[in-house]
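Please keep the sequence and the structure in view while reading.

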4 protein chains.
Amino acid sequence: MTTHRIEALVDGIFAIAMTLLVLTLTLPAAGKEPTEVYGLLFGQIDKFFNYALSFVLLAIFWVSHHQQFHFIKRTDGKHLWINIFFLMFVALMPFSTSLVGDYSEEPLAEVFFASNILMLGILLVWNWVYATNHHRLVDSSLDPRRIALGKKRGVVTASVAVLAIGLSFVDPRISSFVYLLIPILQRVLEYRNRRMTSAAT
Amino acid sequence: MTTHRIEALVDGIFAIAMTLLVLTLTLPAAGKEPTEVYGLLFGQIDKFFNYALSFVLLAIFWVSHHQQFHFIKRTDGKHLWINIFFLMFVALMPFSTSLVGDYSEEPLAEVFFASNILMLGILLVWNWVYATNHHRLVDSSLDPRRIALGKKRGVVTASVAVLAIGLSFVDPRISSFVYLLIPILQRVLEYRNRRMTSAAT
Amino acid sequence: MTTHRIEALVDGIFAIAMTLLVLTLTLPAAGKEPTEVYGLLFGQIDKFFNYALSFVLLAIFWVSHHQQFHFIKRTDGKHLWINIFFLMFVALMPFSTSLVGDYSEEPLAEVFFASNILMLGILLVWNWVYATNHHRLVDSSLDPRRIALGKKRGVVTASVAVLAIGLSFVDPRISSFVYLLIPILQRVLEYRNRRMTSAAT
Amino acid sequence: MTTHRIEALVDGIFAIAMTLLVLTLTLPAAGKEPTEVYGLLFGQIDKFFNYALSFVLLAIFWVSHHQQFHFIKRTDGKHLWINIFFLMFVALMPFSTSLVGDYSEEPLAEVFFASNILMLGILLVWNWVYATNHHRLVDSSLDPRRIALGKKRGVVTASVAVLAIGLSFVDPRISSFVYLLIPILQRVLEYRNRRMTSAAT
């Protein structure tokens with residue numbers, strides 16, 4: 001099986017999971033008073049934040065997954081199943097987002113959400129390690145530094161999720177903001193990588 | 001990353017957001033009397049109008065986005081994220097449509113819907129300005145008049161959204177009809193552009 | 001714009017609308033007695049029939065649309081909008097199916113469903129007539145008999161929908177079965193066409 | 001019609017059905033006490049298991065379907081409709097999963113779920129038998145042993161479903177675990193096939 005087909009399923013499931021996030025926002029119940037629209041919108045500012053956060057996190061995972069498949073040239077049975085379990089946790093995100101939106105002050109809800117992100121991070125690293133180990137599914141000419149960068153990217157995401165789990169028990173309300181570290185750290189990684197590459201030449 | 005992958009995500013999210021609009025229509029509650037079907041259908045004519053309006057507006061944005069990517073040949077990190085934020089507001093449309101359908105007489109609901117359209121317009125202009133600035137992501141031979149036309153298209157959409165926000169405070173019921181200006185003004189732009197092009201040759 | 005992009009949107013919206021049909025089936029309410037599963041399933045046999053009927057009808061429209069685009073080589077602004085309005089009624093199908101499932105004895109519900117099919121039939125014929133008129137968007141060598149066959153296909157669907165609207169006022173329960181005429185008549189058309197083609201050679 | 005288009009619809013419907021499975025998980029009702037999050041999550045461990053089970057089963061069918069289309073080079077009218085009925089039961093999976101999650105102790109619910117899997121297995125075998133009979137839609141050089149392997153794969157799935165139906169009447173709670181036989185037996189088939197192939201050379 002070529003990687004083309006798994007990529008079509010990946011793009012489809014990401015697109016649907018990202019769009020279904022909108023269902024986590026509370027819609028007005030039938031027969032409500034018109035004046036309640038103010039309360040409806042301003043009362044769920046947390047949920048709008050969670051919607052945007054999960055959308056951006058899924059987009060980050062989608063981009064990282066694509067960056068991996070830019071180098072992965074073939075697939076095999078085990079690799080296919082790592083990806084399918086990865087997708088299972090992508091499809092779970094609307095549920096995790098809804099849970100954390102309804103129970104933003106409950107540690108357990110935050111732990112559930114963070115565990116979902118953690119599983120995505122672990123499976124993403126596993127996907128890359130499996131594919132690049134002995135250049136199993138990538139070109140044999142692929143630069144080892146690029147392989148190392150791909151690993152670090154997934155480790156960063158998984159580490160931030162572990163940090164979020166820890167913080168959930170301290171203050172569930174701030175643990176959400178921890179995820180903003182992911183894009184920042186990814187940037188740092190990329191910047192350092194570019195400097196190392198230019199220093200080498 | 002080539003533009004092919006972002007286009008697949010864009011097509012997916014547009015297709016899903018456009019189809020999820022159907023969930024904004026009120027379905028009969030279980031155990032209702034058969035005779036209530038008349039009331040159910042004729043009582044939500046507003047919602048059918050909103051369904052059609054949002055479907056057409058999303059289609060206009062989809063077409064405009066495609067027209068841009070016809071000329072955009074490559075992408076980079078920042079460009080990718082402009083598109084992801086654009087998609088975040090595409091995926092929000094079923095919520096905004098539902099809100100405006102339930103509270104069609106409330107200025108705040110109309111302002112929320114218009115702001116959604118405004119963000120789509122702004123991000124579409126930004127996408128084009130970023131891509132064409134110094135021909136960053138387009139062919140260096142791309143006609144400056146075409147670049148200007150692309151900007152005007154997005155500005156038209158954003159301006160109509162601003163007009164709709166203003167009108168929401170005057171009469172929320174008429175502000176929806178303002179959006180019909182978008183296809184009309186796009187037509188005028190295209191017609192004027194074609195005349196200019198033929199006058200130049 | 002090439003036809004490739006519109007086809008991607010078409011495939012996406014058809015796939016989603018066909019899958020969302022499943023939401024028209026009644027799920028058990030929380031806290032129901034286990035023994036109610038018999039009633040839940042056998043009490044909604046009508047809905048299962050409607051689910052299968054709408055799925056097959058959408059599949060027929062998807063196949064017909066593809067058969068048209070096999071010959072349509074380019075698109076223009078007006079053609080694009082015929083297709084977008086076609087998709088608007090594709091996306092409406094889960095609502096129509098749900099309505100007819102909840103009010104299977106109400107003429108108005110059947111008329112609404114039949115009108116949805118009628119609009120799909122009309123837009124499909126319009127799409128083909130517009131594309132083939134003076135060979136506007138098809139190869140100039142396209143056989144006139146094939147053009148005529150394409151028109152007849154759409155007219156068959158629209159005619160059956162008109163028949164269903166009429167029958168809705170006589171007996172809403174039987175009007176659903178009328179749609180089974182669509183695949184039968186399509187078959188007859190194809191068979192007659194094949195005989196004509198072989199007689200000509 | 002080439003197989004490319006049917007594959008696009010297949011990928012779309014699988015992606016959506018797999019993502020909609022998340023809707024079978026119970027979301028917190030508005031206005032619930034924060035402390036109820038523990039009960040909400042641990043009380044639906046069955047549903048999480050069902051979510052994962054159905055996701056994996058759909059993935060197995062998606063992989064099997066792709067393996068078939070790797071060899072199927074063309075399609076015809078009847079073949080197209082076998083696939084459309086296959087997709088109808090793919091799209092039904094979120095309903096079956098939800099049913100079995102709500103009534104895990106009811107034989108009828110388990111029978112319904114198993115029948116859904118059985119239909120998928122039967123249609124998958126039919127698809128392969130129809131396509132390979134007299135090499136109708138496959139290359140004439142396709143190895144008969146590969147054709148036989150494809151049949152066995154579908155028969156395994158269908159047989160496990162029949163076993164699950166039987167067990168539903170003995171103990172509905174254990175019948176779900178029977179499906180774990182599917183990936184195990186698929187593995188055995190593949191292993192035996194590889195040994196036979198290497199023995200032949």
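At what angle do helix α1 (residues 3-20) of chain A and helix α3 (residues 45-71) of chain A pack, and how far apart are their axes? The angle is about 170 degrees, and the axes are 10 Å apart. Because angles over 145 degrees count as roughly antiparallel, α1(A) is roughly antiparallel to α3(A). The model is predicted, and the points below are grouped by topic.

**Chain A and its helix pair**

- Chain A has 8 helices and 0 strands.
- Read from the N terminus, the order of elements in chain A is α-α-α-α-α-α-α-α.
- The C-alpha trace of chain A spans about 65 × 35 × 25 Å along its principal axes.
- In the packing of α1(A) against α3(A), the α1(A) side consists of Thr3(A), Ile6(A), Glu7(A), Val10(A), Asp11(A), Phe14(A), Ala17(A) and Met18(A).
- The α3(A) side of that contact consists of Phe55(A), Leu58(A), Ala59(A), Phe61(A), Trp62(A), His65(A), His66(A) and Phe69(A).
- By class, the residues of the contact of α1(A) with α3(A) are 11 nonpolar, 3 polar and 2 charged.

**A helix pair in chain B**

- Helix α3 (residues 45-71) of chain B and helix α5 (residues 107-132) of chain B have axes that come within 11 Å and cross at roughly 10 degrees.
- Angles under 35 degrees count as roughly parallel, and α3(B) and α5(B) are therefore roughly parallel to each other.
- On the α3(B) side, the residues that meet α5(B) are Leu53(B), Ser54(B), Leu57(B), Phe61(B), Ser64(B), His65(B), Gln68(B), Phe69(B) and Phe71(B).
- On the α5(B) side, the residues are Phe113(B), Ile117(B), Leu120(B), Gly121(B), Leu124(B), Asn127(B) and Trp128(B).
- The contact of α3(B) with α5(B) includes 10 nonpolar and 6 polar residues, and no charged ones.

**Where chain D meets chain A**

- The contact involves 34 residues of chain D and 28 residues of chain A.
- About 2,800 Å² is buried between chain D and chain A, with 81% of it on carbon and sulfur atoms.
- Within chain D, the most area is lost to chain A by Thr19(D), Phe55(D) and Trp62(D), which together account for 19% of what that side buries.
- The interface of chain D and chain A has 0 salt bridges.
- In the interface of chain D and chain A, 2 residue pairs are in polar contact.
- On the chain D side, α1 (3-20), α2 (37-42) and α3 (45-71) of chain D are the elements that give two or more residues.
- Of these elements, α3(D) provides the largest share, 10 residues.
- The residues of chain D that touch chain A are 25 nonpolar, 4 polar and 5 charged.

**Where chain C meets chain B**

- Here 28 residues of chain C are in contact with 34 residues of chain B.
- Chain C and chain B bury about 2,800 Å² between them, and carbon and sulfur atoms give 81% of that area.
- Arg5(C), Phe95(C) and Tyr103(C) are the residues of chain C that lose the most area to chain B, together 24% of what that side buries.
- Between chain C and chain B there are 2 salt bridges, and 4 residue pairs are in polar contact.
- On the chain C side, at least two residues each come from α1 (3-20), α4 (77-102) and α5 (107-132) of chain C.
- The element of chain C that gives the most to this side is α4(C), with 12 residues.
- The side of chain C that touches chain B holds 23 nonpolar, 2 polar and 3 charged residues.

**Salt bridges**

- Side chains of opposite charge can pair when their charged atoms come close.
- Over all chains, the whole structure has 14 salt bridges.
- One pair crosses between chains, from Glu7(B) in helix α1 (residues 3-20) of chain B to Arg5(C) in helix α1 of chain C.
- In the salt bridge of Glu7(B) with Arg5(C), the closest N and O atoms are 2.2 Å apart.

- Chain A does not touch chain C, and their nearest C-alpha atoms are 9 Å apart.
- Chain B and chain D are joined by no contact, and their closest C-alpha atoms lie 9 Å apart.

Note on methods. Residues are numbered from 1 along each chain as its sequence is written. Chains are lettered from A and ligands numbered from 1 in the order in which they are written. This is a predicted model: local features need pLDDT of at least 70, side-chain atom pairs count only at pLDDT 80 or more; totals for chains, interfaces and linings use all residues. Side-chain values use heavy atoms; hydrogens and water are left out. Contact means heavy atoms within 4.5 Å. Buried area is the accessible area (1.4 Å probe) that two parts lose on being put together, summed over both. A salt bridge is a side-chain nitrogen of Lys or Arg within 4 Å of a carboxyl oxygen of Asp or Glu. A polar contact is a pair of N or O atoms within 3.5 Å; within protein, one must be able to donate a hydrogen and the other to accept it, and residues adjacent in sequence count only if both atoms are side-chain atoms. Helices (H or I, at least four residues) and strands (E, at least two) are DSSP runs, numbered from the N terminus. Ala, Val, Leu, Ile, Met, Phe, Trp, Tyr, Cys and Pro count as nonpolar, Asp, Glu, Lys and Arg as charged, and the others, Gly among them, as polar. Axes are lines fitted to C-alpha atoms, for helices over the stretch in contact, and angles run from 0 to 180 degrees between N-to-C directions. Angles under 35 degrees count as roughly parallel, over 145 as roughly antiparallel, 65 to 115 as roughly perpendicular and the rest as oblique.
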